[in-house]
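Dear colleague,

Please find below the structure that I am handing over to you. My notes on its contacts follow directly after it.

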Amino acid sequence: MNRGVRVTQTSTETKEAPAAPPRLLDNRQLRIAAGLVVVVGAAVALMYLFGGQPSGLLTQSLITGVLLGGVYALVSLGLTLIFGVLGIVNFAQGAMLTMSMYIVFFLATEWGLNLYLAAALTVPVMFGFGWLVQSTVLNRVMGDSTHERPLLVTLGLSLLIINVLLMVFGGRPVSVASPVEGSINVIGALVDVPRLIAFGGALAVAVALTLILRKTTLGLAIRAVAANDVGASLVGVNVKRIYAMTFGVGATCVAVAGGLMVSFTSLVPSAGEQFTTLAFVIVVLGGLGSIPGALVGGLFIGLVQTVGSLYLPGSGSLLLVFGIFLLVLFLRPQGLFGAKS
Amino acid sequence: MVGLTACSGGGASAGAGDTIAIGAVHPLSGGLAGVGGMMNDGAALAVEDINEAGGIEALDGAQLELRDGDSQGSAQTGQSEAQRLISEGAVALVGTYQSDVTENVASAAERADVPMVIDVAVDDKIMEQGYENIFRIQPNASSMGQAGAETLAAMGETAGVDVEKVAYLHIEGAFGTSVSEAFTEEAEAQGIEVVSTVSYPATNFSDATTQVKQALSADPDVVVVTGYYPDNVLVAEAVQALNPDILGVFGIASGAFDDSSFPADAGAAATNVLSANYHYAATSERSQDIRERFEEKYGRPMETAAMLSYQAVEVIAAGLEESGSADPEALRDAIANTSIEDPLLAFDGPIEFDETGENKNATVIVMQSQDGEIEQVFPEEFATAELIFPARDQ
């Protein structure tokens, strides 16, 4: 059963993998990426020339947009994996993000750990959590054709997480100070250092995920399961175990996201929720299961939202985001980097 | 504390009277559960204090009982909870923190002819329906915008600083728009020009740098801000990062700038940020005592919202004392004519309601975040610390 994951060259690549070293992006993806860069670049150039906005403001909004896009990409990377491989619409993604932020908060305040060390410790915890959720609960409700049951389970899971956090930590906003506060100046625009680190984290997670998927046996098994779970089990892959590993890896991405975002977030039990909807938009825009798609999609949405807010005040920029989303789906229903089914 | 326990000797003999139920509708679960729970605790503490002091004397020491309703932050749920509480015999309601929920709860209370005292809800529209049973203690949005402009002008005059141009940054929606419109109108009358108005979305807002830079591009003297907690923290952080040459950041009805979590949360960005808002009277001994006991009992600071819930229960209790009856209609008339001296909030005078149900003396005072604490700085009579204005190094 093909769940719409980007596995175009799986069949050839699995045969020839030892011979040709796989690249991070294939030619088709490079063409799409180059096309996007041209379109965005042209739009930016037009705005500088005829946009009617002060150039300093425009530069600032571009940089802010890219950094915001990094945050969006971080949240979306785990989701695209879970969505793409397991076919689970994970509504608990935002709640899991909040959960990992609270774990970082706990480690940083109760144990006095450095923020980034606490974030690193959160990674195995969240992997274990994701693995446990998939192996004990979700694996049992995954039928052959229904998406609804796992969807409802993740919805319930998100309510459970949020309310347990509320019970344990209360609803008052808390915060964790970053050891590297402040901002640097880049061509007249401000770059907030914790956000820059988060952006670097998004790139690192994207590269790491791609390497895992392309170069390891686990990655091969994940791609096989995503392409055809029945076929994969016939050749000896333990499908349920791969499901659990995948959900665990997805939760790990969220842990990295939470660890890097907590220093610039007012932490309340519902803090992560606002990212869930946009993360789904980004995943579908980029193409289900596509790691570069989530990265590029996140950056694109971040840019559109921030630069758009110069022209359309208030939530007008969100209208623009959803408008472009619909347009892309109209032109490329499989998403920017998605495979044609 | 001493005063209250001293009176409680008479409470035991009077305890034989009936209990009178007051319904409280707040968001006890969902995203606003933190503040909702705190407000419910504030109302519960008021009920406890009144009961300990002997209950309602005019009703033979009848005891009060607080019944909780959970709006879950949704208008429909709030309305059905209000109906449930009324049908269970609540003689009055307090609530609800959110304007849209309050609108629905108020309409339910009005239909049932049960008086409702709004603790927190800012929208002007709630009281424009011609309701007869609804009363509001805090100032509404437009009066806060207007008072904010007056205060800013007065503050500049006192400090000997010229405030000529301001940029307004507000959250999208009825709340932000109505405060900013009322501010702009009054500011013009005071000779202050609003040089730019920028609104930002209420959802999916996680970085304010672009909006703040946009507001600053018109070169204002002061940046005025209206919004809720997380977004206003982002605004303060963005102002700090951009480090503009302005006199200060001035919140009006800001959900963050006078919250006790704000100085720690925003760090250096909180330094000297000003906030014009309704606020508990830090200079009143009675409110100091209540805040101390609240913190002891519930283990967290009592913010202004919870003080308003406490005050709302006191208003209802005063109505019961004056009417000498637990009949909702008699209670309504008594509340409409009541006058509560020594309010727990920093207001212009006693709590008295006009014909629309708004508190005539509700107003704002100015707070400032100084050295990790929220201090009252203006006007003089409520000051707990000296105003620092210009609030930023120039």
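To begin with one residue: is B:Y298 buried, partly exposed or exposed? At 24% relative accessibility, B:Y298 counts as partly exposed, where buried means under 20% relative accessible area, exposed over 50% and partly exposed in between (1.4 Å probe, protein chains only).

Please note that this is a predicted model, in which local features need pLDDT of at least 70 and side-chain atom pairs count only at pLDDT 80 or more, while totals for chains, interfaces and linings use all residues. Residues are numbered from 1 along each chain as its sequence is written, chains are lettered from A and ligands numbered from 1 in the order in which they are written, and side-chain values use heavy atoms, with hydrogens and water left out.

Aromatic pairs

B:Y298 forms an aromatic pair with B:F294 that is tilted, at 4.8 Å centre to centre and 50 degrees between the planes. The rule pairs rings of Phe, Tyr and Trp (its six-membered ring) if their centres lie within 6.5 Å; planes under 30 degrees apart count as stacked, over 60 as edge-to-face and the rest as tilted. Both residues lie in helix 11 of chain B, 4 residues apart, about one turn of the helix. Helices (H or I, at least four residues) and strands (E, at least two) are DSSP runs, numbered from the N terminus. B:F294 is buried, with a relative accessible area of 0%. Over all chains the structure holds 12 aromatic pairs, and in chain A ring pairs link A:F83, A:F91 and A:F280 into a cluster.

Salt bridges

Over all chains there are 18 salt bridges, each a side-chain nitrogen of Lys or Arg within 4 Å of a carboxyl oxygen of Asp or Glu. B:R293 lies in helix 11 (residues 285-298) and B:D49 in helix 3 (residues 33-52) of chain B, so the pair ties together parts that are 244 residues apart in sequence. B:R293 and B:D49 are both buried.

B:R136 forms a salt bridge with B:E358, with the closest N and O atoms 2.9 Å apart. This pair links strand 5 (residues 134-136) of chain B to the loop between helix 13 (328-336) and strand 11 (365-370), 222 residues apart. Both B:R136 and B:E358 are buried. Salt bridges that share partners also join B:E65, B:R67, B:E81, B:R84 and B:E88 into one network.

The interface of chains A and B

In the interface, 31 residues of chain B are in contact (heavy atoms within 4.5 Å) with 31 residues of chain A. The two chains bury about 2,600 Å² between them, 51% of it on carbon and sulfur atoms; buried area is the accessible area (1.4 Å probe) that two parts lose on being put together, summed over both. B:N204, B:T210 and B:K213 supply 25% of the area that chain B buries against chain A, more than any other three residues.

The rule finds 3 salt bridges across this interface. A:R195 forms a salt bridge with B:D207, with the closest N and O atoms 3.5 Å apart. The pair crosses between chains, from helix 7 (residues 193-215) of chain A to the loop between strand 7 (193-200) and helix 8 (209-216) of chain B. A:R195 and B:D207 are both buried.

Yours sincerely
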